[in-house]
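Subject: Structure handover

Hello,

Here is the structure for your files. Please open it alongside this note.

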Amino acid sequence: TVERTFVMVKPDGVQRGFVGDIIKRFEQKGLKIVGLKMLQISQELASKHYGEHQGKPFFEGLIKYITSSPVVAMVLEGKDCISLARGMMGATDPKKAAPGTIRETFGIDIGRNVIHGSDSAASAAREILPSF
Ligand code: CMP
């Protein structure tokens, strides 16, 4: 099935200069960029995007970090692209991510893990910004 997924290069990925490398990987895999923009995430959008993590011990730090400096958000389209993009990112914790994955290559720790990608079609529908 042709799907769309929401992918976001997080503040650490933008600041450390990995946007181009990350986009290149998705393009090389044949995924189509159907939306792309740099934005500063507001407190409100952050709480909405990460609503499912509310109440967890890392929630406040996560919101503080994701709103700390600009992110690069994109919508990718392609066959089974939700799971494909997730696979390319690797496990949430860069220390546990498979060799060669985005998080294993560029990530520092579970908080500063460079990138976010929708984990399901329902998440993608919720996460794709209305402005896309
Ligand atoms: P992401 O895929 O964007 O979705 C939720 C984020 O919460 C996750 O990536 C991590 O960056 C962050 N996260 C998850 N677990 C922890 C944790 N134990 N400590 C800090 N951050 C976490």
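This is a predicted model: local features need pLDDT of at least 70, side-chain atom pairs count only at pLDDT 80 or more; totals for chains, interfaces and linings use all residues.

Residues are numbered from 1 along each chain as its sequence is written.

**Overall**

The protein has seven helices and four strands. Both are DSSP runs, numbered from the N terminus: helices are H or I with at least four residues, strands are E with at least two. In sequence order the pattern reads β-α-α-β-α-α-β-α-α-β-α. The C-alpha trace spans about 35 × 30 × 25 Å along its principal axes. The radius of gyration is 14 Å, which agrees with the value near 14 Å for a compact globule of 132 residues. That radius is taken over C-alpha atoms, and the globule rule is 2.2 Å times the number of residues to the power 0.38.

Contacts mean C-beta atoms, placed from the backbone, within 7 Å. Among contacts between residues at least 6 apart in sequence, 70% join residues at least 24 apart.

UniProt, in an unreviewed entry, lists residues 2-131 as "domain: Nucleoside diphosphate kinase-like". UniProt positions use the numbering here, feature names are shortened, and annotations may be inferred rather than shown by experiment. Over residues 2-131 the chain is 39% helix and 22% strand.

**Strand E1**

Of the 132 residues, 33% count as buried. Buried means 20 or more other C-beta atoms within 10 Å of the residue's own; exposed means 12 or fewer, partly exposed is in between, and C-beta atoms are placed from the backbone. In E1, six of eight residues are buried.

Strands pair if DSSP finds at least two bridges between them. E1 runs antiparallel to E3, joined by eight bridges. Phenylalanine 6 sits opposite valine 75 in E3. E1 also pairs with E4 (residues 115-117), antiparallel, over three bridges. There, valine 9 has isoleucine 115 as its bridge partner.

**Core**

A nonpolar core is a set of buried Ala, Val, Leu, Ile, Met, Phe, Trp, Tyr and Cys residues joined through C-beta atoms within 7 Å. The largest one has 26 residues; Val7, Met8, Val9, Leu76, Ala85, Ile102 and Ile115 touch the most other members. E1 (2-9), H2 (19-28), E3 (71-79), H5 (81-89) and H6 (102-106) each supply at least two residues. E3 gives the largest share, six residues.

Which residues does alanine 85 contact, leaving aside neighbours within four places in sequence? They are Thr5, Val7, Phe26, Leu31, Leu76 and Gly117.

Best regards

Definitions and conventions: Two residues are in contact if their C-beta atoms, placed from the backbone, lie within 7 Å.
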